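Here is a quick tour for someone meeting this structure for the first time. Have a look at the sequence and the fold, then read on.

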Amino acid sequence: MDNISLKEGFLGQKMIALPKSIISFSKNNDITQNFYVSDLGYYPRAHHHYRFRKKGANQHIFIYCTKGKGEIYLGNERTEINPNQFFIIPKNKKHEYRADEEDPWSIYWFHFNGQLADKLYNRFAQTHTSNYKNIPFSKERINSFEKIFALFRSNYLEDYIEYANILSLNFISYFVYHDFETTVKRNADITTVNSIIEYLTDNLDKKFTLDEIASRFNYSKSYLHTKFKTKTGYPLLVFFNLKKVQKACELLNYTDMSIKEISFNVGIDDPLYFSRIFKNFMGKSPRQYKKSLQK
């Protein structure tokens with residue numbers, strides 16, 4: 001049995017414990033069975049907030065602190081939680097957590113379960129470091145929680161429950177993958193590779209050699225080849241052809257241009273060569289692709 005030091009609650013608190021019937025529905029629903037929420041809430045200035053579960057909980061527990069501080073014990077390991085930090089307690093594992101006596105935390109929290117939930121926790125555990133759990137405050141995130149809370153509180157029709165669980169997955173995933181998202185944004189803003197991609201995309205009607213691109217961006221050909229393939233998964237000129245083919249798909253979808261005209265439009269003078277490149281990427285010729293759009 002849990003030891004609970006909460007007597008009268010916290011001023012401004014809100015929580016929802018979903019009934020067994022809703023949890024059962026979520027657990028068996030094709031859309032939500034891999035990730036579903038059983039409880040969620042917000043505790044502001046949670047004086048004397050304390051939980052101890054000797055055998056753990058039946059769900060994973062997500063805790064996000066926006067003010068004050070607290071501490072979490074997982075096994076014998078202690079983690080202090082400060083503003084803009086989060087933590088996920090795995091299910092079925094002994095744990096203990098409490099708000100600080102002098103500066104008690106304000107926390108948003110979820111209990112969640114499902115096979116995808118297990119994998120999401122594993123991702124968190126694999127990437128969790130001392131700095132990883134720091135998340136800049138975002139009003140957008142808080143608004144997202146309020147939307148989720150309102151959905152779970154107001155309606156228990158199937159589509160509402162499905163949508164609320166999908167939003168909850170998105171909410172928690174934002175925290176778990178925050179470092180990845182930040183890295184992607186930072187790299188996308190500053191790397192030479194991104195500049196090259198933009199240049200290529202703006203000039204799909206032209207032909208370039210690797211030497212020409214390397215010279216334009218002031219890199220050696222070998223260095224640029226390695227750098228570009230590492231960042232995109234493709235050699236530069238293969239990537240350029242992929243962008244040409246994607247543009248061709250767009251033209252095949254939304255214009256009446258002939259295949260020859262499209263070939264010239266994407267900077268390939270030989271329609272037969274264009275068709276070979278197109279088929280290599282798309283698995284069918286431009287003519288077959290166009291025909292498939294009409295089905």
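## Two asparagines in loops

Asn84 counts as partly exposed because its relative accessibility is 23%; the cut-offs are under 20% for buried, over 50% for exposed and partly exposed in between, with a 1.4 Å probe and protein chains only. Asn84 sits in the loop between β7 (77–81) and β8, and has a positive phi of about 65 degrees even though it isn't a glycine.

Asn218 also isn't a glycine, yet has a positive phi of about 60 degrees. You'll find Asn218 in the loop between α7 (210–216) and α8. With a relative accessible area of 69%, Asn218 is exposed.

## Ground rules

This is a predicted model, where local features need pLDDT of at least 70 and side-chain atom pairs count only at pLDDT 80 or more, while totals for chains, interfaces and linings use all residues. Residues are numbered from 1 along each chain as its sequence is written, and side-chain values use heavy atoms, leaving out hydrogens and water.

Helices (H or I, at least four residues) and strands (E, at least two) are DSSP runs, numbered from the N terminus.

## The sheet and its helix

Five strands make an open sheet in the order β2-β3-β10-β5-β8, with antiparallel pairing. At the edges are β2 (14–17) and β8 (85–89), each pairing on one side only. From one strand to the next, the twist averages 15 degrees. Strands count as paired if DSSP finds at least two bridges between them.

How many bridges join β3 to β10? Seven do, and β10 covers residues 106–113. Within β10, Phe110 is the bridge partner of Leu40.

Lying across β5 (60–67), β8 and β10 is helix α2 (residues 115–127), which runs at about 125 degrees to β8. Such angles run from 0 to 180 degrees between N-to-C directions, using axes fitted to C-alpha atoms, for helices over the stretch in contact.

Is Ser263 buried or exposed? Ser263 is buried, because its relative accessible area is 0%. Ser263 lies in helix α10 (residues 259–265). Apart from neighbours within four places in sequence, Ser263 is in contact (heavy atoms within 4.5 Å) with Ile268, Asp270, Pro271 and Phe274.

Thr230, in helix α8 (residues 221–232), counts as exposed at 60% relative accessibility. Thr230 and Val193 are 37 residues apart in sequence, and their C-alpha atoms are 9.8 Å apart in space.
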